[in-house]
Amino acid sequence: MSNRTFTMIKPDAMKNGHAGVIIDRFIKEGYNIVALKVTRLSAEKAGEFYAVHRERPFYGELVEFMSSGPIVAAILEKDNAVSAFRELIGATDPAKAADGTIRKLYATSLGENAVHGSDSDENARIEGDFFFSGLERVL
Ligand code: IDP
């Protein structure tokens, strides 16, 4: 089992001024930050990142949203990181997310839901590699 996950703080949370408190929460929850940067996805890169959703009705909206402004991309480390982090961020739809979860606290809507968290160890590795070179990561 891998102990790393990949996350993004999405454009809505950046715009609404929640990036600092969200990163602080990662640290308080015991995640070690392995890599972190502010960046911006082009529509093409956002489309590539979310290619698995290409056939879904919300794909165009998702690509437009994810390329609409800066994001924070990060690789985080903790025991059982992927599933622990999914629990910390809460359900995709903030209206259905448990109290105290990051999406419940800071998300705007189902589409603009503040944070991304990888859904498997394999995707955590693929997504981390999508954003970071080896030189940009703490060992
Ligand atoms: P996840 O991010 O909780 O793993 P996924 O189903 O993988 O959820 O969807 C990826 C992202 O696509 C969501 O985080 C959200 O931003 C967006 N999304 C998912 N479902 C909808 C929808 O029904 N309408 C608009 N956007 C959606």
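Student: How many bridges pair strand 2 with strand 3?
Tutor: Seven. Strand 2 spans residues 32-39, and the pairing with strand 3 is antiparallel. Keep in mind that this is a predicted model.
Student: Which residue stands opposite Ile71?
Tutor: Thr39. Ile71 belongs to strand 3.
Student: And how many bridges join strand 1 to strand 3?
Tutor: Six. Strand 1 covers residues 4-9, and these two strands run antiparallel.
Student: Is strand 3 mostly covered or uncovered?
Tutor: Mostly covered. Strand 3 runs over residues 71-77, and five of its seven residues are buried.
Student: Switching to helices. Which residues of helix 7 are buried?
Tutor: Ala124, Glu127 and Gly128, in a helix that spans residues 121-131. They sit on the same side of helix 7, because they cover an arc of only 100° around the axis.
Student: Why would residues a few places apart point the same way?
Tutor: An α-helix has 3.6 residues a turn, so residues three or four places apart point the same way.
Student: What do the buried residues of helix 7 pack against?
Tutor: Strand 1, strand 3 and helix 5, which is 81-89.
Student: New topic, the ligand. Which residues surround it?
Tutor: Phe58, Glu61, Leu62, Thr92, Leu110, Gly111, Asn113, His116 and Asp119.
Student: How many in that shell are nonpolar, polar and charged?
Tutor: Three are nonpolar, four are polar and two are charged.
Student: Where is His116 found?
Tutor: In strand 4, residues 115-117.
Student: Why does His116 count as buried?
Tutor: Because His116 has 21 C-beta neighbours inside 10 Å. The cut-off for buried is 20 or more.
Student: Leaving aside neighbours within four places in sequence, which residues is His116 in contact with?
Tutor: Thr7, Met8 and Lys10.
Student: Last one. Which domain does UniProt list?
Tutor: The unreviewed entry gives "Nucleoside diphosphate kinase-like" at residues 2-139. Over that stretch the chain is 40% helix and 17% strand. The end C-alpha atoms are 14 Å apart.

Definitions and conventions
Residues are numbered from 1 along each chain as its sequence is written. This is a predicted model: local features need pLDDT of at least 70, side-chain atom pairs count only at pLDDT 80 or more; totals for chains, interfaces and linings use all residues. A residue is buried if 20 or more other C-beta atoms lie within 10 Å of its own, exposed if 12 or fewer, and partly exposed in between; C-beta atoms are placed from the backbone. Helices (H or I, at least four residues) and strands (E, at least two) are DSSP runs, numbered from the N terminus. Two strands pair if DSSP finds at least two bridges between them. UniProt positions are given in the numbering used here, feature names are shortened, and annotations may be inferred rather than shown by experiment. A residue is near a molecule or strand if its C-beta atom, placed from the backbone, lies within 6 Å of it. Ala, Val, Leu, Ile, Met, Phe, Trp, Tyr, Cys and Pro count as nonpolar, Asp, Glu, Lys and Arg as charged, and the others, Gly among them, as polar. The arc is that of the directions from the helix axis to the C-beta atoms. Two residues are in contact if their C-beta atoms, placed from the backbone, lie within 7 Å.
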